[in-house]
Amino acid sequence: MSGLVFLTEDAGMTGRILGLDIQLLVDAAILAVAFFTLFLLLSYLLFNPARDFLRKRQEYIKKQLDDAALDKESAANYKAEYEEKISQIDKEAEQILSEARKKARKRENQMIEEAKQEASKIIERTNREINLEKSKVKDDMKREMISMASAMAGKFVASEMDEKKQEELFDDALKEMGDDTWQS
């Protein structure tokens, strides 16, 4: 046997490389059936589980990608929601601060108004007390002046008045008061 050349001694053919006979065809058919059977058997035992494994793996990867896409979308929604809430919180905080400022200004104005009212009451009360004191002082001065005048008049009258003058003054006083006062 040299190289790929097979020489057959059958059928009297010399120099032929392959002899096409029935045995070769039957062997080829058996070999084809054996390969086909082996292919089916290997397909059932190895290829189908490998295909199932690969299909399951592809489904798992696809599911993971879908889940990741959903998670990413959900995260984007949460982020948008979070940013919206942050902006609302900022607005709400500004509104609360604004209301607090308004209340503080209102309370400040109210306190100033109360202080002004209290001050005006104090001033009014002080003015009344001053006027009362003035009138008391005036009354005291009048009493002092009257008592001084009375004392001076008493001394003056005592020194210059006699009984006749006293009777005249008494009569004049009665006339001024009138007779009706004494008779009622």
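Is Asp 67 buried, partly exposed or exposed? Asp 67 is partly exposed, with a relative accessible area of 28%. Here buried means under 20% relative accessible area, exposed means over 50%, and partly exposed lies in between (1.4 Å probe, protein chains only).

The model is predicted; local features need pLDDT of at least 70, side-chain atom pairs count only at pLDDT 80 or more, and totals for chains, interfaces and linings use all residues. Residues are numbered from 1 along each chain as its sequence is written, and side-chain values use heavy atoms, with hydrogens and water left out.

The protein contains three helices and zero strands. From the N terminus on, the order of elements is α-α-α. Helices (H or I, at least four residues) and strands (E, at least two) are DSSP runs, numbered from the N terminus. Of the 184 residues, 2% are buried. The protein exposes about 17,500 Å², and carbon and sulfur atoms supply 61% of this area. Accessible areas come from the Shrake-Rupley method with a 1.4 Å probe; for residues, only the protein chains shown count as cover.

The average pLDDT of the protein is 81, and 77% of the residues score at least 70. Over residues 1–11 the pLDDT is below 50. This stretch has eight contacts in the model beyond near neighbours in sequence. A contact means heavy atoms within 4.5 Å. Where pLDDT is low, the predicted coordinates should not be read in detail.

A nonpolar surface patch covers about 1,200 Å². Its residues include Leu 31, Phe 35, Phe 36, Tyr 44 and Phe 47. Patches are made of residues with over 30% relative accessible area and no salt bridge: like charges are joined within 9 Å, nonpolar side chains (Val, Leu, Ile, Met, Phe, Trp, Tyr) within 5 Å. Tyr 44 lies in helix α1 and is exposed, with a relative accessible area of 60%. Ser 43 is also placed in helix α1. Ser 43, however, is buried, at a relative accessible area of 10%. Leaving aside neighbours within four places in sequence, Ser 43 is in contact with Asn 48, Pro 49 and Arg 51.

Five salt bridges are found in the whole structure. A salt bridge is a side-chain nitrogen of Lys or Arg within 4 Å of a carboxyl oxygen of Asp or Glu. One of them joins Asp 67 to Lys 63, with the closest N and O atoms 3.7 Å apart. Both residues lie in helix α1, four residues apart, about one turn of the helix. Lys 63 is partly exposed, at 49% relative accessibility.

Arg 55 and Asp 52 meet in a salt bridge of 3.5 Å, N to O. These two residues lie three residues apart in helix α1, about one turn of the helix. Arg 55 is partly exposed at 38%, and Asp 52 is partly exposed at 36%.

Arg 128 and Glu 124 form a salt bridge as well (3.8 Å, N to O). They are separated by about one helical turn, because they are four residues apart in helix α1. Arg 128 is exposed, with a relative accessible area of 52%, whereas Glu 124 is partly exposed at 47%. Elsewhere, salt bridges that share partners join Asp 52, Arg 55 and Glu 59 into one network.

Terms used
pLDDT = per-residue confidence, 0-100.
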